[in-house]
Amino acid sequence: MNKEKFIRGIPKADLHMHVEGAIEPEMAIALAQRNGVDLPYRSADELKAALDFQCLQSFLAVLKNLVSLLIHEQDFYEVTFNYLKKSSFQNVAYADLMFDPQAHMSRGVAFDTVIQGIHRAQQDAEKEFGIRSQLIMNFQRDASIESAEQALDEALRYRDRIVAVGLDNTELPQFYTLFTDLFRRARAAGFKLTSHCDVDEPTAVDHIRGCFNQLQVDRLDHGVNVLEDEQLMEQARSQQICFTACPTTDYITVKDPLSDPYVQRVSHAAKAMLEAGLCVTVNTDDPGIMGGRYINDILIDLDRLVTLSKAEIVQLMRNAFNSIWVNEQERQDYLTALENYAETYANHGEL
Ligand code: ADE
Ligand code: ZN
């Protein structure tokens with residue numbers, strides 16, 4: 001079996017995607033019309049032309065425009081369902097879905113509206129396609145602590161529907177110092193903990209250290225700058241902290257993602273992390289806005305850039321299934337399906 005086919009067929013988990021980042025351009029235009037939102041783009045093509053990210057801040061500015069489209073429960077449902085359906089067709093067996101309640105509550109959209117729409121999509125997608133998913137609620141690193149506390153209060157009412165809390169949006173200097181108490185409270189309430197440490201942000205290594213030691217995260221989103229610090233790598237290995245790398249690109253470079261410096265940067269880092277024995281995974285981040293690329297596109301391009309052996313592809317998925325927060329029986333079921341697939345196809349046919 002050739003490697004592209006092997007990648008397409010392998011059972012997968014996607015541990016880092018944002019519901020808000022799953023709005024595809026065509027969907028955005030339809031939502032704008034349906035909800036009477038005045039977008040600065042008149043067509044999907046105009047929006048794609050604007051999806052040209054030079055840095056985290058320029059990306060977040062476009063994301064903010066798109067978030068304003070999500071108003072009703074049905075909007076959250078459709079975006080989530082579309083992602084889960086497309087992912088299940090790419091053999092994603094399990095996905096962690098991130099959502100940002102503060103981005104909605106600050107616009108007067110109720111927490112209940114957000115979570116009901118997403119939850120209904122999770123249930124329907126599991127019923128129709130068999131894809132399993134859980135929710136990670138992200139706090140925004142640049143919003144007030146009071147609004148984060150409020151989001152956590154709301155989340156406690158849905159404790160059984162949310163598996164973890166995380167941090168995203170603008171990476172403020174030493175953001176981890178602001179969230180120590182909140183994360184302690186979340187941990188005590190039974191949530192797992194994760195945080196974004198975006199790629200090559202200023203003082204990235206210090207941020208990773210702060211997330212490890214002050215926030216005591218179970219997982220780190222992106223976090224590829226860990227490669228710059230031998231001690232942190234050792235800590236990540238011994239504490240089995242999982243990294244969710246995302247070699248994603250925007251609509252401008254999507255025709256030639258391999259030439260995108262960000263895709264190159266993250267792909268080489270992911271390969272180096274694998275070789276260093278770190279628990280690294282590969283994920284979609286914002287599939288709607290990032291060139292409409294889902295997990296297979298991302299993995300196939302990763303292989304084209306840094307050449308993965310079949311064993312390395314299997315290891316990426318093993319890392320993912322070992323890092324999800326499910327009961328041991330469910331984990332074993334995923335791992336068994338993965339190992340069976342590997343045994344059946346890894347050794348058959350030339351690459
Ligand atoms: N929100 C969506 N994607 C994000 C990312 N990669 N970093 C920070 N905030 C985000
Ligand atoms: Zn992200």
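**Labels and their grounds**

Me: What does A13 touch, beyond residues up to four places away in sequence?
Reply: This is a predicted model. In it, A13 touches V92, A93, Y94, A95, M317, A320, F321 and I324. Contact here requires C-beta atoms within 7 Å.

Me: What makes the largest nonpolar core a core, and which residues have the most contacts inside it?
Reply: A core is a set of buried nonpolar residues joined through C-beta atoms within 7 Å. The largest one has 109 residues. A13, L97, I118, F243, A245, A270 and M317 have the most contacts inside it. Strand 2 (residues 92–99) supplies the largest share, seven residues.

Me: Why is L63 called buried?
Reply: The cut-off is 20 or more other C-beta atoms within 10 Å. L63 has 21 C-beta neighbours inside 10 Å, so L63 counts as buried. The residue lies in helix 4 (residues 56–67).

Me: Which residues is L63 in contact with, leaving aside neighbours within four places in sequence?
Reply: E20, G21 and I289. I289 is 226 residues from L63 along the chain, yet their C-alpha atoms are separated by 8.2 Å.

Me: Why is strand 1 described as largely enclosed?
Reply: Seven of the seven residues of strand 1 are buried, so the rest of the structure largely encloses this strand.

Me: In what order do the eight strands form the open sheet, and is the pairing parallel or antiparallel?
Reply: The order is 1-2-3-4-5-6-7-8, and the pairing is parallel. Strand 1 (12–18) and strand 8 (279–282) each have a single partner strand, so they stand at the edges with one side lacking a neighbour in the sheet. Neighbouring strands are turned by 25° against each other on average, direction ignored.

Me: How do you know that strand 1 and strand 2 pair?
Reply: Pairing takes at least two bridges. Five bridges join strand 1 to strand 2, and the two run parallel. K12 has V92 as its bridge partner in strand 2.

Me: What makes strand 7 a partner of both strand 6 and strand 8?
Reply: Three bridges join strand 6 (residues 219–222) to strand 7 (residues 242–245). R219 has C242 as its bridge partner in strand 7. Four bridges link strand 7 and strand 8 in the parallel sense. A245 has V282 as its bridge partner in strand 8.

Me: What surrounds ligand 1?
Reply: H18, G21, L56, D168, N169, H196, D198, D285 and D286.

Me: How many residues of the shell around ligand 1 are nonpolar, polar or charged?
Reply: One is nonpolar, four are polar and four are charged. Asp counts as charged, and Gly as polar.

Key: Residues numbered from 1 in each chain as written. Chains lettered and ligands numbered in written order. Predicted model: local features only at pLDDT ≥ 70, side-chain atom pairs only at ≥ 80, totals over all residues. Buried ≥ 20, exposed ≤ 12 C-beta atoms within 10 Å, placed from the backbone. Contact = placed C-beta atoms within 7 Å. Near = placed C-beta within 6 Å. Axes fitted to C-alpha atoms, helices over the stretch in contact; angles between N-to-C directions.
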